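Trainee: Can you walk me through this one? I have the sequence and the model open.

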Amino acid sequence: MTVKAYAASSATSPLGPIDIERREPGDSDVEIQILHCGVCHSDLHQARNEWSGTRYPCVPGHEIVGRATRVGTSVKKVSVGDMAAVGCMVDACRTCANCKRGLEQYCESFPRFTYNSDDGKGGYTFGGYSQSIVVDEAFTLKVPTTLDPAAAAPLLCAGITTYSPLRHWQVGPGKKVGIIGLGGLGHMGVKFARAFGAHVVLFTTSEKKVADGLRLGAHEVVLSSDESAMQKHRSSFDFLLDAVSADHDINAYLQLLRLDGTLCLVGAPEKPLPVGAFNLLLPRRNFAGSGIGGIAETQEMLDFCAEHAIVSDIESIQIQQINHAYERMLKGDVRYRFVIDMASLAS
Ligand code: NAP
Ligand code: ZN
Ligand code: ZN
């Protein structure tokens, strides 16, 4: 099947229209007509080959929500007409120890990502900036009917990427938690940390985001350029979630951790971040990382969002605005996730 999509043809070219092929759904496949696709900073990193290894043409997009249009004979999870979703992965080995624990994102033979991964047939995968996608039901999520489908799309990456580490490090009542960077991931981190009952402090470089930080659920907002405000929080945090997309001073944040506190990186800047040894040694501190989340946890997160009326704050765009949206994302000018109205692809 040939479908319309948007792709980058090189690391330096803007995204533009392209036709791509989707497979016919097999017995365990779900075909989804894509209605909304969130714009993740990872899309920009990869479209521009900032992590290296991008294959072109590159069709980004891994925050996919749409209508199931066809399902294979053995599919049980989704019926035709259901609102279904796909996140960052479309398959994994399903047999290694990590897959068996429901941690498919850490599959020992590498998960098959939604775009720019081997497709197992000599080609590579294309993401959600497209009219439709065909995915095995095991990697398809159900979108609770009470969630607005467009505002739910960013949950598939920004949502699970913040939910998973906050759960893993048991963020909750009595814990002091910092979220660093108020972008797509950061704003979901603030919402989840607040919903889990922690004391939430947002760190931002943008003075104009202070009021939004409080509205989104932070108890306190700190401008990271304000040295005395930073100093006030020294050695006091149980957990910090760093969702910054670019180069920044990680040491300024490591110093804010208490004994045995953890700073977890979810942001994936292009260049390495230097760590001063003594910021980890005295007192004993942990520097960690976390990648998206497994399929079962992603469904758990979607159901949690339905129960607690949590979605992303979005700005809907047409696919034709994607290059401008990337430029705005680079300036930190997103309130707080762009979501592509995929109907625009037909026009
Ligand atoms: P985003 O919406 O562009 O937000 C990034 C935020 O980082 C900005 O809003 C800004 O927040 C802050 N920031 C940007 N440049 C900065 C700089 N030079 N110094 C300090 N702060 C800066 O991006 P996103 O989609 O949330 O993604 C964030 C990062 O997470 C990206 O690197 C992305 O690739 C990565 N990611 C990782 C995973 C994973 O599995 N671990 C999943 C998805 C995305 P303020 O204006 O508040 O300072
Ligand atoms: Zn993402
Ligand atoms: Zn595996």
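Mentor: We will take the metal site, then the other ligand.

Mentor: This is a predicted model, in which local features need pLDDT of at least 70, side-chain atom pairs count only at pLDDT 80 or more, and totals for chains, interfaces and linings use all residues. Residues are numbered from 1 along each chain as its sequence is written, chains are lettered from A and ligands numbered from 1 in the order written, and side-chain values use heavy atoms, with hydrogens and water left out.

Trainee: What coordinates the zinc ion (ligand 2)?

Mentor: Cys-40 (SG), His-62 (NE2) and Cys-157 (SG) do, at 2.0 to 2.2 Å. Donors are N, O and S atoms within 2.8 Å of the metal (3.2 Å for Na, K and Ca); water is not among the atoms, so sites may look incomplete.

Trainee: Are His-62 and Cys-157 buried or exposed?

Mentor: Both are buried, meaning under 20% relative accessible area (1.4 Å probe, protein chains only).

Trainee: New topic. How many residues surround ligand 1?

Mentor: There are 30, and Thr-204 and Lys-209 are among the closest. A residue counts if one of its heavy atoms lies within 4 Å.

Trainee: Which polar contacts are there?

Mentor: A polar contact here is a pair of N or O atoms within 3.5 Å. A polar side-chain atom of His-45 lies 2.8 Å from an oxygen atom of ligand 1, and a backbone N or O atom of Ser-290 lies 2.9 Å from a nitrogen atom of ligand 1.

Trainee: How much of ligand 1 does the protein bury?

Mentor: Taken alone, ligand 1 exposes 920 Å², and the protein buries 88% of that, by the Shrake-Rupley method with a 1.4 Å probe.

Methods: Buried means under 20% relative accessible area, exposed over 50%, partly exposed in between (1.4 Å probe, protein chains only). A polar contact is a pair of N or O atoms within 3.5 Å; within protein, one must be able to donate a hydrogen and the other to accept it, and residues adjacent in sequence count only if both atoms are side-chain atoms.
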